[in-house]
Amino acid sequence: MDKIWEGISHYQKQIPVPAELDDRIRQRIEKLVTKRKAARKRRMLITLAGILALTSTAGLAALNIDEITDRSGRFSYKIEQARIVGKEERMQTAMTKADQELAELEKQFSPGTAYLVYQRTDRPDMESHYYKQKSLVISDLSAFQDQLGLFADVPEVLAGGYRFVEGSLDFEIDRARYDEEGYLQMMREEAVTNNRQIAVKQVPLQRDFIRQAQAIYRNQDKQITLWIDDVGSSGAAEVGFSYTSLEKVPLSGFDALYATFTDSSGKEMQVLKWIGSKIPGTNRSRMYQLCAATEDAPKADLLKAAEVFLD
């Protein structure tokens with residue numbers, strides 16, 4: 001459950017879900033994971049955050065998009081049940097009591113830390129928990145590259161004159177160093193004692209295991225954001241994200257995915273995704289994404305910028 005939420009953290013920033021639907025979404029994910037756990041043999045990065053978002057019906061369609069692979073054909077990435085929509089109307093809701101409590105409790109955590117979040121409800125069978133992480137932010141490129149190590153190489157400048165501004169890192173949670181159920185029991189008691197809906201507890205990280213790296217590049221007031229994700233050793237998938245367009249594009253002899261979408265502020269965005277080579281010394285693959293507002297960079301700029309990351 002928690003790995004799925006980690007895998008979609010950067011989408012949550014772009015597709016906020018109405019707070020009153022949080023429990024419904026998490027319950028749907030839990031049922032999906034329980035149903036498939038025994039048979040599943042590969043890692044999935046699932047983005048269900050957009051499934052219950054309200055959108056206009058103009059141009060709405062559900063598509064099964066076939067997969068892209070790395071050059072060897074060994075590792076695949078799928079976008080399943082993509083929702084192709086027209087201009088979206090996203091709900092802007094006021095913060096709930098749980099949202100307010102979490103925002104206050106999160107202040108105690110510094111960048112480069114992770115924490116377990118427990119949410120109490122009136123029904124014990126509807127309680128939920130998930131993990132969050134405050135990224136470690138580094139503004140010096142040399143220091144950032146030192147932290148990245150063999151995970152990836154990032155350039156100072158992308159095609160089109162976009163220069164590195166800052167990078168950030170998320171790490172794997174070290175579940176071997178604590179008892180999740182024991183933590184949750186303490187958090188249940190804490191929530192009841194303090195009459196809160198939310199309880200949080202810091203969890204240890206594996207600092208030598210990078211889960212995701214992000215780098216921001218700017219050319220004056222225009223920006224391109226790079227994401228590099230560790231997506232495991234078998235295959236990955238994405239479910240339910242809402243796009244305004246989606247297509248395969250050639251990228252140096254193999255296919256990438258190019259998509260446009262609307263973010264939470266109504267801005268038109270674009271993203272280019274492809275599977276890179278394996279992380280050195282491992283059997284795990286990397287997925288690259290270049291994201292920019294459509295007004296900040298033409299599609300050709302993203303394709304050109306991607307070339308520096310190709311082996």
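Student: Before we look at this predicted model, what makes a residue count as buried?

Tutor: Buried means under 20% relative accessible area, and in this predicted model phenylalanine 164 has a relative accessible area of 13%, so by that cut-off phenylalanine 164 is buried. Phenylalanine 144, with a relative accessible area of 1%, is buried as well.

Student: Why is the pair of phenylalanine 144 and phenylalanine 164 called stacked?

Tutor: Ring centres must lie within 6.5 Å for a pair, and planes under 30 degrees apart count as stacked. By this rule the count comes to 7 aromatic pairs.

Student: Why is the pair of tyrosine 288 and phenylalanine 309 called tilted?

Tutor: The centres of tyrosine 288 and phenylalanine 309 are 5.6 Å apart, with 40° between the planes; since stacked needs under 30 degrees and edge-to-face needs over 60, the angle leaves this pair as tilted. Tyrosine 288 lies in strand β16 (residues 285-293) and phenylalanine 309 in the segment after α7 (299-306), so this pair ties together parts that are 21 residues apart in sequence. Tyrosine 288 and phenylalanine 309 are both buried.

Student: How do you know that the buried residues of α7 line one face of the helix?

Tutor: The buried residues in α7 include Leu302, Ala305 and Ala306. Viewed down the axis of α7, its buried residues fall within an arc of 100°, so they line one face of the helix. Among the elements that cover them are β10 (222-230), β14 (254-262) and β16.

Student: How do you know that the charged end of arginine 284 sits over the ring of phenylalanine 209?

Tutor: The distance limit is 6 Å from the ring centre, joined to a limit on direction, and the charged end of arginine 284 sits over the ring of phenylalanine 209 at 4.3 Å from its centre. Likewise, the charged end of arginine 175 sits over the ring of tyrosine 131, 5.2 Å from its centre.

Student: Which residues have the most contacts inside the largest nonpolar core?

Tutor: That core has 50 residues, and those with the most contacts inside it are Phe144, Leu226, Trp274 and Leu290.

How values were computed. Residues are numbered from 1 along each chain as its sequence is written. This is a predicted model: local features need pLDDT of at least 70, side-chain atom pairs count only at pLDDT 80 or more; totals for chains, interfaces and linings use all residues. Side-chain values use heavy atoms; hydrogens and water are left out. Rings of Phe, Tyr and Trp (its six-membered ring) pair if their centres lie within 6.5 Å; planes under 30 degrees apart count as stacked, over 60 as edge-to-face and the rest as tilted. Buried means under 20% relative accessible area, exposed over 50%, partly exposed in between (1.4 Å probe, protein chains only). Helices (H or I, at least four residues) and strands (E, at least two) are DSSP runs, numbered from the N terminus. A charge sits over a ring if NZ of Lys or CZ of Arg is within 6 Å of the ring centre and within 35 degrees of the ring normal. The arc is that of the directions from the helix axis to the C-beta atoms. Contact means heavy atoms within 4.5 Å. A nonpolar core is a set of buried Ala, Val, Leu, Ile, Met, Phe, Trp, Tyr and Cys residues joined through side-chain atoms within 4.5 Å.
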